[in-house]
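Subject: Structure for your review

Dear colleague,

Please find below the structure that I am handing over to you. My notes on what was found in it follow directly after.

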Amino acid sequence: MSKGEYIQRNLLELILSGFFLVLILFSKLAAIYIALMALLIVWGYVKKQIQFSLNRFSLLFVGLYLCYLVGTFWTQDWSEASRYLENKLSFVLLPILFSFRKKNGFNISLIYGGLIFAVLVAFLYGISIGIPCYLKHLSFPYCFLKSHLSPFMHPTYMSVFVMISLAATVSLMKHEKLSRTKGWILIIVLSIYNVLLLSLAGLLFFGILVFWFFLVWLRSRVSKLRVIQLIFSVLAITIFVSLKLPFIKEEISAVVESTKEYTQDPVRYVQGLPESTSSTQTRLVMWSVTVEEIKKHPLGIGTGNLDIVLGNNLRNKGNDAFAAKKYNPHNQFLHTFLEVGPIAFILLVLISLGGMFKGYKEDYFMLIILSASLFFNCLFESMLQLQAGIIFYPFFFMLLGIAQRSNNKLI
């Protein structure tokens with residue numbers, strides 16, 4: 001096949017894969033690029049290259065959007081509610097736009113390649129601005145860690161892109177679409193990037209993923225009993241080492257002490273918060289006040305009312321300064337339940353855990369990893385509140401669905 005024939009055959013996949021670069025580096029152009037993809041998809045229908053095929057799983061995203069739409073009936077801040085509806089419109093638009101199958105097969109390898117390429121470009125850009133920074137300040141942490149290495153989006157969101165890229169690399173290697181040498185180089189580079197981002201959720205998910213891969217590899221070589229023994233041994237060693245390492249001991253002690261203080265007197269604890277709170281303090285307070293408000297409003301408070309309700313709770317506890325920061329709950333499940341009620345919460349659980357079950361049942365490795373990523377990160381962040389999460393997850397879910405309905409072999 002000539003280069004021209006290859007491009008013509010895979011033009012749709014090439015354009016779709018380019019969206020990751022836009023989403024990471026040029027997010028303001030995302031709407032324009034989605035319009036470009038829409039035109040290409042319409043052209044595919046005209047040329048009979050693609051055929052409508054409903055992705056039933058995507059209806060969960062549509063249902064989630066409808067919950068936010070219904071929630072506007074109780075809003076106290078219509079401007080905030082309308083912003084929510086606009087930002088989350090991809091929950092409806094993407095399922096409609098990408099409910100199709102490609103008649104001559106969908107080259108999902110190009111999609112994976114596009115994501116990996118976009119992540120590597122972002123990494124190189126971070127390094128390129130970090131080098132002159134280091135020459136000026138002579139500080140590695142200041143110039144090469146966290147947001148300094150990810151200037152375009154929050155490190156937690158960037159870590160999601162990196163982790164899915166790692167999984168895509170493993171999938172390409174497994175199906176011999178990528179040589180082992182290149183694959184391992186990519187794995188090492190992407191792993192380094194993920195570590196440098198220093199996202200707690202990203203590092204924990206990375207550790208879980210590495211351990212899972214190791215168990216899968218080991219399972220084919222030793223008995224099931226040996227694997228179970230290894231799991232318990234690793235857990236015991238991890239707990240023992242964690243309790244001995246000074247910085248981990250200090251973190252655990254801080255969490256235990258903060259939890260104890262908050263439980264004894266929540267009002268006093270909130271009143272005594274320092275001007276600059278730690279991530280532990282912030283999450284403890286926001287998780288707690290969110291649960292308090294869920295108990296008061298079990299059917300939800302309405303779209304756009306979150307800042308008002310949580311702010312009032314914190315002000316009643318005597319800390320106007322902390323309330324003014326308008327922190328979100330730092331947990332998408334709690335965030336969704338409080339704002340738009342139990343139905344939306346169930347839909348979010350079905351998308352994440354249901355996606356993992358669906359991937360396991362159909363032996364679809366990438367669907368398992370994507371769903372697990374969504375579930376795990378939603379425990380620590382409100383992942384579906386910023387564009388990077390709102391668009392990325394439904395977009396990638398839809399692409400995996402297209403590949404599933406277009407191909408006989410899943411990768």
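Helix H20 has 14 residues, and at 1.5 Å a residue these should span 20 Å, which agrees with the 20 Å between its end C-alpha atoms. The expected span is 1.5 Å times one less than the number of residues in the helix. Helices here are DSSP runs (H or I, at least four residues; strands are runs of E, at least two), numbered from the N terminus. Of the 14 residues of H20, 13 are buried, so this helix is largely enclosed by the rest of the structure. Buried means under 20% relative accessible area, exposed means over 50%, and partly exposed lies in between (1.4 Å probe, protein chains only).

Please note that this is a predicted model, in which local features need pLDDT of at least 70 and side-chain atom pairs count only at pLDDT 80 or more, whereas totals for chains, interfaces and linings use all residues. Residues are numbered from 1 along each chain as its sequence is written, and side-chain values use heavy atoms, with hydrogens and water left out.

Helix H12 (residues 200-219) gives a similar check: its 20 residues should span 28 Å at 1.5 Å a residue, and its end C-alpha atoms are 28 Å apart, which agrees. The buried residues of H12 are Ala-201, Gly-202, Phe-205, Phe-206, Leu-209, Leu-215 and Leu-218.

At least two lining residues come from each of helix H10 (155-174), helix H11 (180-197), H12, helix H19 (332-361) and H20 (365-378). H12 gives the most to this lining, with eight residues. By type, the lining divides into 21 nonpolar, four polar and four charged residues.

Thr-336 is found in helix H19 and counts as buried because its relative accessibility is 2%. Leaving out residues up to four places away in sequence, Thr-336 touches Leu-64, Tyr-68, Gly-341, Ala-344, Phe-345 and Leu-348. Contact means heavy atoms within 4.5 Å.

Met-398 belongs to helix H21 (residues 387-406) and, at 1% relative accessibility, counts as buried. Although Met-398 and Phe-98 are 300 residues apart in sequence, their C-alpha atoms are 6.1 Å apart in space. Beyond its neighbours within four places in sequence, Met-398 is in contact with Asn-55, Ser-58, Leu-94, Pro-95, Phe-98 and Ser-99.

Ser-258, in helix H14 (residues 246-264), is buried at 10% relative accessibility. Ser-258 and Tyr-45 are 213 residues apart in sequence and 58 Å apart in space, C-alpha to C-alpha.

Asn-319 lies in the loop between helix H17 (306-316) and helix H18 (320-324), and it counts as buried at 7% relative accessibility. The side chain of Asn-319 reaches the backbone nitrogen of Ala-321 at 3.4 Å.

Yours sincerely

Notes
Polar contact = N/O pair within 3.5 Å; in protein donor to acceptor, adjacent residues only side chain to side chain. Nonpolar A, V, L, I, M, F, W, Y, C, P; charged D, E, K, R; others polar.
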